[in-house]
Amino acid sequence: MDYVDVGRESGPGMGVEAIRRFLQDLSVDHPPYAPPFLKAGKLVIAHAANILHYIGPRIGLAPKAEGPRLWAHQLQLTVTDFVKEIHDTHHPIANSLYYEEQKPEALRRSQRFLAERLPKYLGYFERVVKANGHGCMVGRSLSYVDLSMFQLIEGLRYAFPLNMQRIEPTYPGLVALRDKIAARPNTAAYLKSPRRLPFNDKGLFRHYAELDEIS
Ligand SMILES: N[C@@H](CCC(=O)N[C@@H](CS)C(=O)NCC(=O)O)C(=O)O
């Protein structure tokens, strides 16, 4: 399925400016609140989980039957919740403040996150992959939920390397899934391509060594 990543186009009025213009366009019928959003013909679909729900079955990365399709969507919505909590470790007070303006709160938040929330979410996903018994999250074949597990493990390894090293042996199913995805030819090619942005200090997953201390 071909697409244009509008936010990364360069030139006057392109890229982030084009996104901003669209968000403020009062003639848009179902305006998204925030990026990411997908324009597919007349549809405008926002929220990562909703976009995957739409694209997944069309590109063979989700089951077509309603029950399993909703199960995949449910797992992805749990990823959304997890992602928000990961974000809040470095921005617990406000998105409009720099990390440096909320450091003590970020440390407190991260300590609780690492002690309580990280093991709870990873433990849940581990239980799901184990119970499924086919080495993936949903049914017998690869789905977008598996790709999300890959991205979560990669991002968490970047943000919290010491803590991940410590707890990863508890989640062998997820680590095996991560390795399986990394070895797939399409994923491996994508990871080597310029489309794969390196983790950095502006994105969701950020590495601040002081937040990764082992307590
Ligand atoms: N749950 C949404 C999160 C979307 C989101 O947080 N978007 C960020 C940029 S990546 C944003 O612009 N937020 C603006 C705001 O929250 O006011 C999703 O998964 O797509």
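**View 1. Contacts that reach across the chain.** Among the contacts in the protein with a separation of 6 or more, 58% join residues 24 or more positions apart; a contact here means two C-beta atoms, placed from the backbone, within 7 Å of each other. This is a predicted model, where local features need pLDDT of at least 70 and side-chain atom pairs count only at pLDDT 80 or more, while totals for chains, interfaces and linings use all residues. Residue numbers start from 1 along each chain as its sequence is written.

**View 2. The overall fold.** Eight helices and two strands make up the secondary structure, and they follow the pattern α-β-β-α-α-α-α-α-α-α along the sequence. Helices (H or I, at least four residues) and strands (E, at least two) are DSSP runs, numbered from the N terminus. The C-alpha atoms fill a box of roughly 50 × 45 × 30 Å along the principal axes.

**View 3. Two domains.** Here you can find domain 1 (6-46) and domain 2 (66-212), with bounds from an automatic or database domain assignment. Their C-alpha centres lie 26 Å apart.

**View 4. Inside the largest nonpolar core.** This core has 34 residues, and those touching the most other members are Leu-75, Met-137, Val-138, Val-145, Met-149 and Leu-174. At least two core residues come from each of α2 (48-58), α3 (66-90), α4 (103-132), α5 (144-159) and α7 (172-183). A nonpolar core is a set of buried Ala, Val, Leu, Ile, Met, Phe, Trp, Tyr and Cys residues joined through C-beta atoms within 7 Å. Beyond its neighbours within four places in sequence, Val-138 is in contact with residues including Pro-63, Trp-71, Leu-75 and Val-145.

**View 5. Around the ligand.** Ala-34, Pro-35, Pro-36, His-47, Ala-48, Ala-49 and Thr-80 surround the ligand, each with its C-beta atom, placed from the backbone, within 6 Å of it. This shell holds five nonpolar residues, two polar and no charged. Ala, Val, Leu, Ile, Met, Phe, Trp, Tyr, Cys and Pro count as nonpolar, Asp, Glu, Lys and Arg as charged, and the others, Gly among them, as polar.

**View 6. Lys-202.** Look for Lys-202 in the segment after α8 (185-192). Lys-202 counts as exposed because it has 7 C-beta neighbours inside 10 Å. A residue is buried with 20 or more other C-beta atoms within 10 Å of its own, exposed with 12 or fewer, and partly exposed in between, with C-beta atoms placed from the backbone.
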